[in-house]
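User: I have a model open and want to go through some contacts. Can you take my questions as they come?

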Amino acid sequence: MKAIAYYQSLPIDHAEALLDVELPAPQPGPRDLLVRVMAISVNPVDTKIRRNVSPGAGEAKVLGWDVAGEVLEVGAEVRQFRPGDKVFYAGAIDRAGANSELHVVDERIVGRMPGSLDFARAAALPLTAITAWELLFERLGVREGKGDERQSLLVIGAAGGVGSILVQLARQLTGLTVIGTASRAETQQWVRELGAHHVIDHSQPLLPQLKALGHDQVSMVASLTHTDQHLDQLIEALEPQGKLALIDDPAQLDVVKLKRKSLSLHWEFMYTRSLFQTEDMVEQHRLLNRVSQLIDDGVLKTTVGEHFGRIDAANLRRAHALLESGKARGKIVLEGF
């Protein structure tokens with residue numbers, strides 16, 4: 001099968017940072033689906049692994065953890081899907097990625113693709129939707145419904161992939177006042193279109209901007225990028241007994257600073273369930289199905305920022321470069337081989 005892989009960790013401007021290769025087709029296990037990959041999207045995790053994880057000598061490492069495709073075969077113990085089903089999912093980080101014509105994935109972390117979307121627009125959603133949903137409803141403990149009108153959520157990096165779906169979930173499914181951050185005019189407009197009540201610039205001091213909005217303090221923060229850079233401001237902005245959730249990888253994080261206000265810290269990593277085969281692993285199947293229904297009902301919308309064409313090494317190198325620049329808006333998708 002065709003695939004895009006790398007044999008050594010290289011800067012993205014190197015011609016061999018990502019390569020077009022031929023690999024053997026994977027075989028599904030008892031609980032696996034064999035999926036024909038129709039479209040993919042690219043996430044920061046792809047760039048982090050490419051830069052920091054070197055394959056073994058002579059081994060090809062395939063990235064890619066956002067897929068929309070069609071089920072070709074099912075394992076002997078599969079109960080939720082059958083051949084011909086259209087699916088979308090983010091996969092598992094301890095298995096081969098999906099930048100390939102064929103891919104295998106455990107059915108417990110797969111959802112039914114929204115019927116109102118094509119493959120490319122569906123591929124933009126799984127990883128970020130899982131991350132945003134788990135962060136908002138499981139880590140921060142926000143309840144669905146309009147019962148939290150007095151509470152506020154500050155989303156740092158609201159124009160990125162996770163932010164683009166998190167803003168929608170918080171605005172559409174809760175009563176929170178949603179304040180997003182973005183640093184450029186076009187990304188600020190994008191965040192407003194997604195439903196944020198207010199948008200501020202994270203390249204400028206946050207506290208004066210919050211006070212100008214009448215929000216001297218916020219109830220909770222979702223810090224999606226540069227947490228170490230903003231930490232002191234976030235602590236000051238949070239009200240006593242507030243909640244701080246993050247998804248990035250700060251080099252250092254002085255949690256002692258949270259003590260005086262009794263702030264709680266919540267880390268979201270959407271691969272935890274699949275990595276540890278947790279008893280509630282199937283919750284990702286359920287939440288993806290819920291997101292799919294919300295898309296079809298018109299409550300949520302896809303977060304495609306740019307379509308980079310077919311799935312090949314040259315286009316994936318372009319996508320990685322844009323993500324590494326920090327200037328991506330929404331999700332970058334690729335479609336077809």
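Predicted model: local features only at pLDDT ≥ 70, side-chain atom pairs only at ≥ 80, totals over all residues.

User: How many salt bridges does the structure hold?

Analyst: There are 20, a salt bridge being a side-chain nitrogen of Lys or Arg within 4 Å of a carboxyl oxygen of Asp or Glu.

User: What does Arg31 pair with?

Analyst: Arg31 bridges to Glu107, with the closest N and O atoms 3.5 Å apart. Arg31 is in the loop between strands S2 (19-22) and S3 (32-42), and Glu107 is in the loop between S7 (102-106) and S8 (110-112), so the pair ties together parts that are 76 residues apart in sequence. Strands here are DSSP E runs of at least two residues, and helices are H or I runs of at least four, numbered from the N terminus.

User: Is Glu107 buried or exposed?

Analyst: Glu107 is buried, at 1% relative accessible area, while Arg31 is partly exposed at 30%. Buried means under 20%, exposed over 50%, and partly exposed in between (1.4 Å probe, protein chains only).

User: And which residue does Arg290 bridge to?

Analyst: Glu144, with 2.9 Å between the closest N and O atoms. Arg290 sits in helix H9 (residues 283-296) and Glu144 in the loop between helix H3 (126-139) and strand S9 (152-156), so this pair links parts 146 residues apart in sequence. Arg290 is partly exposed, with a relative accessible area of 33%.

User: Switching topic. Where is Asp254?

Analyst: Asp254 lies in the loop between strand S13 (238-246) and strand S14 (264-267). A polar atom of the Asp254 side chain lies 3.2 Å from the backbone nitrogen of Val256.

User: Last one: at what angle do H4 and H5 cross?

Analyst: The axes of H4 (residues 161-173) and H5 (residues 185-194) cross at roughly 35° and come within 9 Å. Axes are lines fitted to C-alpha atoms over the stretch in contact, and angles run from 0 to 180 degrees between N-to-C directions.

User: Which residues make the contact?

Analyst: Ser164, Val167 and Gln168 from H4, and Trp190, Val191 and Leu194 from H5, where contact means heavy atoms within 4.5 Å.

How values were computed
Residues numbered from 1 in each chain as written. Heavy atoms only, no water. Polar contact = N/O pair within 3.5 Å; in protein donor to acceptor, adjacent residues only side chain to side chain.
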